[in-house]
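Have a look at the structure below. This report walks through how some of its parts pack together.

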Amino acid sequence: MAAADVTTTKTTEQTLPKVPLLTAHSVEQEVTGWRSWVLTTDHKKIGIMYIVAALVFFVLGGVEALLIRLQLGTPDNTLLDPQTYNAMFTMHGTTMVFLFVIPIMAGFGNYFAPLQIGARDMAFPKLNGLSFWFYMAGGVVFYSSLFFGAPEAAWTTYAPLSDDAYTPGFGTDAWIFLVHLTGISSLVGAVNFVVTIANMRAPGMGWGRMPIFVWTILIYSVMLIIALPVIAVGATLLLTDRHFGTNFYDVTGGGDPLLWQHLFWFFGHPEVYIMIIPGFGIISEVLPVFSRKPIFGYKAVAAATASIAFLGTLVWAHHMFTTPSPTAVLVFFMIGSFLIGVPTGVKIFNWIFTLYQGAIEFKTPLLFAVGFLSMFLIGGISGIVLATFPIDWQLHDSYFVVAHFHYVLVGGAMFSIASGIYYWYPKMTGRMMSETLGKWSFWFMFVGFNITFLIQHSLGLDGMPRRIYEYGDIGNWGTWNLISTIGSFVLGIGLLLSFINGYRSLKNGAIAGPDPWRGNTLEWFIPSPPPVNNFDVVPTVRSVEPLKDIRQEVASRSGAAEAAPEPAAH
Amino acid sequence: MPAQSSVGRLRQGLIPLAAAATATLLFAEPAAADWISPERGGSPNADAIHSLYMILLVVGLIVFFAVEGLLLYTLWKFKASRGHEAKQIHGNTKLEIGWTGGAAVLVVILAIVSFAKLGEIRNPPNSDPAGFRVAAIAEDPGTNQKLPPNKQGLHIKVTGYQYGWRYTYDDGNPATQDPYTYRDLYAPTQTTVLLSITSSDVIHSWWIPELGGKFDAVDGFNNWTWFKIPADKAGVSFRGQCAELCGRNHANMTASVKALTPSEFDAWLTAKRTELDQSAKDAAAQRAVVEAGKELK
């Protein structure tokens with residue numbers, strides 16, 4: 001491939017030359033094979049590497065989850081010893097948060113944010129590569145701890161349990177390095193997204209015509225920039241406490257164990273929204289396309305996302321309702337958390353009304369998007385229950401909480417990721433995934449997920465705390481845990497079907513063509529998979545749905561009888 | 001406008017749906033209380049948390065059935081296979097302001113209900129006259145301590161450690177050693193028991209579900225809570241366990257609270273003190289033997 005400056009002089013169709021004007025300063029041999037991946041600065045290849053690497057870590061995290069569920073399948077089980085069990089849930093949580101959800105959203109953002117805004121790459125392609133390799137380094141360092149002693153202080157790594165006095169060894173240090181390495185990766189990536197989105201939008205694409213997915217990637221990036229430095233500070237203080245004799249978190253040396261919790265959750269709660277907000281973006285792309293309707297209340301959806309992000313940075317201490325804190329603090333964080341319910345409710349209604357009066361096509365991406373809607377709602381309602389601090393006193397750190405955040409992060413984030421993969425796979429590979437297998441996968445996942453996690457609400461209400469490696473034969477705990485374990489394997493089968501689908505469709509899938517779903521956004525304007533330079537011609541954008549406009553213009557010029565309704569004007 | 005009228009019809013349909021959901025829930029509740037709500041029965045604060053939870057659950061289920069119902073109806077009614085055109089609607093400001101306002105009102109109501117219930121959960125009542133004799137409890141400034149109106153109660157200090165609980169029973173006499181136990185906490189019924197919870201190492205969390213919420217045990221802090229066991233629960237043992245990951249044996253850091261009648265508790269406490277005094281005497285006697293340079297028998 002020639003490294004070339006591509007210059008199009010004018011973009012309106014009347015004045016455009018037949019061939020774009022190209023000036024090549026030099027011509028280099030095209031790099032092929034594995035080096036074309038390792039050395040790439042192409043946002044699409046980096047995006048695919050993010051997605052594939054994140055899925056590999058997802059499988060590792062999933063295996064850890066199944067081991068956890070196997071251990072809890074029966075009372076007094078001895079499959080895993082306590083040390084291994086603690087390592088498994090620590091690695092499961094850390095993997096899913098730092099190595100799966102955040103990076104896979106970065107992968108989608110990398111691949112599709114530039115395409116949706118009509119850019120030819122990210123603003124800083126080399127930084128983009130750096131960002132990916134820092135992420136890989138974080139993952140490798142973290143998983144290397146399996147050979148040296150895995151971390152076992154949970155993904156929250158609360159001090160003083162995580163201090164060297166109580167958890168010596170390499171594991172917690174590996175966790176700290178993971179936080180730093182993936183943190184640098186995400187910070188660099190976030191700055192890159194903000195600059196790209198602010199400066200490289202297609203002509204005519206004002207802020208009010210930016211696809212919702214791009215809005216969510218922008219907000220995701222801003223939140224990363226706000227939250228990550230705080231956990232970096234917290235983790236560095238933990239490192240010096242562990243190795244250099246400081247006492248930031250050690251009360252006997254004048255420190256404060258609650259300081260860790262504040263620093264951690266100041267990052268940790270925005271982190272939840274960092275994980276789910278790009279998912280909101282995917283849903284906001286998929287629902288309009290498969291209901292053949294514009295998004296209902298574009299401005300409200302974008303504004304609600306921004307206000308969720310803003311409020312999300314102000315509610316961290318609702319994770320600390322049981323700590324010795326003044327009632328005024330608890331009240332403040334309860335009210336703040338309640339307020340998030342308002343923009344979240346707005347979004348849910350706007351999504352449903354996007355479907356309302358549409359012509360809904362039940363393709364796999366839509367099924368996952370609707371699955372997301374129905375289950376995220378449950379996570380939202382249980383979230384309000386938990387935000388009520390006197391109730392949280394009963395439910396905090398119980399399986400009710402485990403159920404709640406899995407409804408948000410699996411029913412929510414993971415289902416939106418599945419929706420995004422089924423939606424964008426044709427663009428990334430040029431081939432369609434199997435609809436039949438996709439629908440089987442959806443139903444297995446949907447049913448399996450609900451079997452696994454609905455019953456966990458009851459376990460928590462019945463007094464089962466989280467993070468226990470065994471339990472006695474108390475009340476219904478045995479039966480309910482067994483149900484949950486069976487559900488987790490049904491969920492696993494559903495996921496396996498999608499992995500098989502993705503693998504088989506690489507060779508056997510139907511040829512997708514540039515726009516298999518009749519999409520609304522610019523990524524569907526170009527071939528699948530897109531060429532290295534993305535756009536030979538960047539179209540002028542006149543609405544939130546530029547491709548719908550283009551399709552209608554083509555239809556009207558070629559005099560097609562079934563011209564679609566009025567163009568979406570904004 | 002057709003969009004409006006259809007939305008209006010939908011709104012009418014939702015009211016009976018919500019009513020049906022509430023009815024189902026209310027009638028199902030007594031039978032299913034075990035798996036649908038938090039534990040209660042051992043103390044008024046646990047009961048108050050339970051009733052607050054039930055209010056939120058009812059509201060939550062109404063919202064759940066209304067929204068899921070609307071979603072399912074939409075999916076069924078507007079599937080493309082019915083062969084209609086999608087309406088190109090970009091939004092509806094009135095409707096959007098409506099559900100923003102609706103959500104806000106709901107949140108305000110929930111906040112008000114929570115505040116109304118808070119006193120019952122947070123503030124301990126006085127002990128019953130028939131309860132165990134109680135002493136004035138010293139104020140612990142700078143903490144979340146709440147005292148009964150008469151400032152009296154039985155103070156028990158709870159200390160978490162890897163992996164167990166130690167309870168120190170304040171006998172009101174600074175000159176004598178307070179009795180203590182491990183794992184099993186003995187408590188009189190009809191008596192307001194105030195717990196000051198702390199830790200001697202990592203963070204633990206005290207949780208006996210039937211006696212109310214959990215409170216973290218953090219080294220360097222006193223975290224206060226209370227319970228008051230009703231008379232008919234004498235003889236009952238309430239189980240619980242540490243709720244904050246505290247290391248490898250976190251799962252086995254169990255606790256129980258054994259309810260005794262006030263007179264039984266009095267007898268138990270006296271026996272405990274005698275036992276402690278006796279062992280202190282024995283220890284002193286042995287120390288004397290060792291210090292005299294003789295072999296212990």
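Angles over 145 degrees between two axes count as roughly antiparallel, and angles under 35 degrees count as roughly parallel. Keep that cut-off in mind. The model is a predicted one.

**Two helix pairs**

Two packed helices are described by the angle between their axes and the distance between the axes. Start with a pair that joins two chains.

The next pair lies in chain A. Helix 13 covers residues 435-461 of chain A, and helix 14 covers residues 477-508 of chain A. These two pack at an angle of about 160°, with their axes 7 Å apart. Helix 13 of chain A is therefore roughly antiparallel to helix 14 of chain A. Helix 13 of chain A passes helix 14 of chain A in a left-handed crossing.

Which classes of residue make up each contact? The table lists them.

| Helix 9 of chain A with helix 3 of chain B | 18 residues | four residues | two residues |

**A sheet in chain B**

Strands of a sheet pair through backbone hydrogen bonds, either parallel or antiparallel. Chain B has an open sheet of three strands, in the order 5-11-10, with mixed pairing. Strand 5 and strand 10 (237-241) of chain B are the edge strands, and each pairs on one side only. On average, neighbouring strands of this sheet are turned by 20° against each other, direction ignored.

Strand 5 and strand 11 (residues 254-260) of chain B run parallel, joined by five bridges. In one of the pairings, Tyr186(B) has Lys258(B) in strand 11 of chain B as its bridge partner. Helix 4 (residues 262-291) of chain B lies across strand 5 and strand 11 of chain B. This helix runs at about 130° to strand 5 of chain B.

**A residue in a loop**

Gln190(B) sits in the loop between strand 5 (184-188) and strand 6 (192-199) of chain B. Is Gln190(B) buried or exposed? Its relative accessible area is 17%. Buried means under 20%, so Gln190(B) is buried. Leaving aside residues up to four places away in sequence, Gln190(B) touches several others, including Ser127(B), Asp128(B), Lys228(B), Ile229(B) and Pro262(B).

Technical notes
Residues numbered from 1 in each chain as written. Chains lettered and ligands numbered in written order. Predicted model: local features only at pLDDT ≥ 70, side-chain atom pairs only at ≥ 80, totals over all residues. Heavy atoms only, no water. Helix = DSSP H or I, 4+ residues; strand = E, 2+ residues; numbered from the N terminus. Buried < 20%, exposed > 50% of the residue type's maximum accessible area, 1.4 Å probe, protein only. Contact = heavy atoms within 4.5 Å. Pairing = 2+ DSSP bridges. Axes fitted to C-alpha atoms, helices over the stretch in contact; angles between N-to-C directions. Nonpolar A, V, L, I, M, F, W, Y, C, P; charged D, E, K, R; others polar. Parallel < 35°, antiparallel > 145°, perpendicular 65-115°, else oblique. Left-handed = near helix turned anticlockwise from the far one by under 90°.
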